[in-house]
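Here is a short briefing on contacts between side chains in one protein model. Keep the sequence and the 3D view open as you read.

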Amino acid sequence: MQPALNIPKNAALDLVSLGALVHRLDPGIIPFRKATECQIHVSGGEFNVAANLADCFRMQTGIATAMVDYPIGELVAERVRAMGVRPFYKHFAHDGVTGPNLATVYSDRGFGVRPPVVFYNRSNEAAARLKPGDFDWPAIFAGGVRWFHSGGIFAALSATTPEVIVEAMRAAKAVGAVVSFDLNFREKLWRIAGGEGREREVIRRIVANVDVLVGNEEDLQKGLGIPGPEVAGASKLDPTAFFGMMDRVTAQHPQVKIVATTLREVHSTNRHSWGAVAWVEGHTRVAPTCELEVYDRVGGGDGFASGFIYGLMACETPDEALKLGWAHGALLTTYPGDTTMASLEQVRAFAKGGSARIQR
């Protein structure tokens with residue numbers, strides 16, 4: 001059974017994402033308070049999806065975002081090019097004192113019983129200045145676009161970023177694109193942006209334009225204000241609570257056709273049980289569970305989303321699309337950084353039950 005998404009078959013761009021680019025400083029397993037050197041990764045929840053689809057899944061993708069004209073911007077832009085993503089930038093000059101800046105994320109990897117610690121500096125972030133009218137959506141979508149994607153982190157950055165999302169979603173809908181949104185609830189960001197009441201009003205208005213939602217039961221509860229069922233799952237891998245919320249999701253947003261998320265039970269920083277689930281037009285789908293030995297967990301959820309979106313755009317069955325998302329997200333946790341280093345062949349092999357035996 002194919003979901004009734006009506007994905008355009010031919011377009012110049014398979015997917016366009018809208019969001020903020022960030023650079024992540026990664027000292028590996030060393031806590032920042034003792035760090036002497038860092039790797040630099042380029043990231044952003046929305047960018048990660050576009051980058052994964054371009055690099056691993058060989059699709060034509062784009063990112064609409066803010067770019068600051070200074071050396072960090074040049075570093076970030078180089079990585080966007082290297083991942084094969086077409087940029088649509090709103091450029092900002094850097095004054096050398098107050099910015100604006102490309103946000104910095106600080107994230108060590110933890111180890112064993114010591115969890116990763118993530119914090120950030122989004123002070124005077126250029127992406128927070130984006131407003132309606134900054135992007136020429138008819139020009140960006142002129143050759144057609146099959147899918148449009150954005151997320152809750154970008155929505156939380158300022159009073160104007162949700163308006164850009166809604167503007168873009170309506171423009172994408174006008175040319176026939178499927179629209180997806182990753183709820184990606186971040187309490188720290190929304191606390192600054194106006195609190196829970198404003199967050200729910202903003203997210204509900206965005207989701208009114210959405211066909212495919214990505215988010216777990218916490219995202220749905222805190223992002224959309226949907227109460228969870230009285231279910232005490234024995235494990236974080238139990239999808240009962242997630243599926244129990246779908247009637248309430250569709251009652252609030254009847255146009256939503258698909259809701260999907262990962263399931264993760266953390267035994268230690270480097271050992272996770274990993275699964276994924278999807279609700280597809282009233283039908284429930286559950287991916288297998290596997291045991292992960294995690295190198296770097298950051299970006300695993302975006303890895304799932306990109307693999308799942310690829311499967312849907314490639315006209316796979318919902319079960320196969322879910323497995324592709326599950327497999328790609330799992331593989332992504334075995335690499336450093338937030339974006340993929342996997343090949344499509346590796347993802348398909350793992351989705352079919354491939355092993356870690358040496359490939360010769």
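In this predicted model, the side chains of R24 and D296 meet in a salt bridge, with 3.0 Å from N to O. R24 sits in strand β2, residues 22-26, while D296 sits in the loop between β14 (290-293) and α11 (300-313), so the pair ties together parts that are 272 residues apart in sequence. Both R24 and D296 are buried.

**Salt bridges**

- R24 also meets the side chain of D338 in a salt bridge, at 2.6 Å from N to O.
- D338 belongs to the loop between α12 (318-332) and α13 (344-351), and R24 to strand β2, so this pair ties together parts that are 314 residues apart in sequence.
- D338 is buried, and R24 is buried too.
- These contacts belong to a network of salt bridges that links R24, D26, R109, D296 and D338.
- How many salt bridges does a search of the whole structure find? The search finds 19.
- Another salt bridge joins the side chains of D134 and K131, at 3.1 Å from N to O.
- Is D134 buried or exposed? D134 has a relative accessible area of 16%, so it counts as buried, because the cut-off is under 20%.
- K131 has 41% relative accessibility, so it counts as partly exposed.

- Strand β2 is mostly covered: five of its five residues are buried.
- V22, R24 and D26 point one way from β2. H23 and L25 point the other way.
- Why two directions? In a regular strand, side chains alternate between the two faces of the sheet.
- β2 pairs with β3 in the antiparallel sense, over five bridges. The bridge partner of R24 in β3 is H41.
- β2 also pairs with strand β6, residues 103-107, in the parallel sense, over four bridges. Here the bridge partner of R24 in β6 is V105.

**A nonpolar patch on the surface**

- I29, I30 and F111 form a nonpolar patch on the surface. Together they have about 280 Å² of accessible area.
- Where is I30 found? I30 is in the loop between β2 and β3 (39-43).
- I30 has a relative accessible area of 36%, so it is partly exposed.

**Aromatic pairs**

- A search of the whole structure finds eleven aromatic pairs.
- One of the pairs is F32 with F119, and it is edge-to-face. The rings are 5.7 Å apart, centre to centre, with 75° between the planes.
- The pair links distant parts of the chain, 87 residues apart. F32 is in the loop between β2 and β3, and F119 is in strand β7, residues 118-121.
- F32 is partly exposed, with a relative accessible area of 22%. F119 is also partly exposed, at 35% relative accessibility.
- F304 and F308 have ring centres 5.7 Å apart and planes at 10°, so this pair is stacked.
- F304 and F308 both lie in helix α11. They are four residues apart, about one turn of the helix.
- F304 is buried, with a relative accessible area of 1%. F308 counts as buried too, at 1% relative accessibility.
- F135, W137, F141 and F148 form one aromatic cluster.

**Cysteines**

- A disulfide is a covalent bond between the sulfur atoms of two cysteines.
- C56 is in no disulfide. The nearest cysteine sulfur is that of C290, 16 Å away.
- C56 is buried, with a relative accessible area of 1%.
- C315 is in no disulfide either. For C315, the nearest cysteine sulfur is that of C56, 18 Å away.

Definitions and conventions: Residues are numbered from 1 along each chain as its sequence is written. This is a predicted model: local features need pLDDT of at least 70, side-chain atom pairs count only at pLDDT 80 or more; totals for chains, interfaces and linings use all residues. Side-chain values use heavy atoms; hydrogens and water are left out. A salt bridge is a side-chain nitrogen of Lys or Arg within 4 Å of a carboxyl oxygen of Asp or Glu. Helices (H or I, at least four residues) and strands (E, at least two) are DSSP runs, numbered from the N terminus. Buried means under 20% relative accessible area, exposed over 50%, partly exposed in between (1.4 Å probe, protein chains only). A disulfide is a pair of cysteine sulfur atoms within 2.5 Å. Patches are made of residues with over 30% relative accessible area and no salt bridge: like charges are joined within 9 Å, nonpolar side chains (Val, Leu, Ile, Met, Phe, Trp, Tyr) within 5 Å. Accessible areas come from the Shrake-Rupley method with a 1.4 Å probe; for residues, only the protein chains shown count as cover. Two strands pair if DSSP finds at least two bridges between them. Rings of Phe, Tyr and Trp (its six-membered ring) pair if their centres lie within 6.5 Å; planes under 30 degrees apart count as stacked, over 60 as edge-to-face and the rest as tilted.
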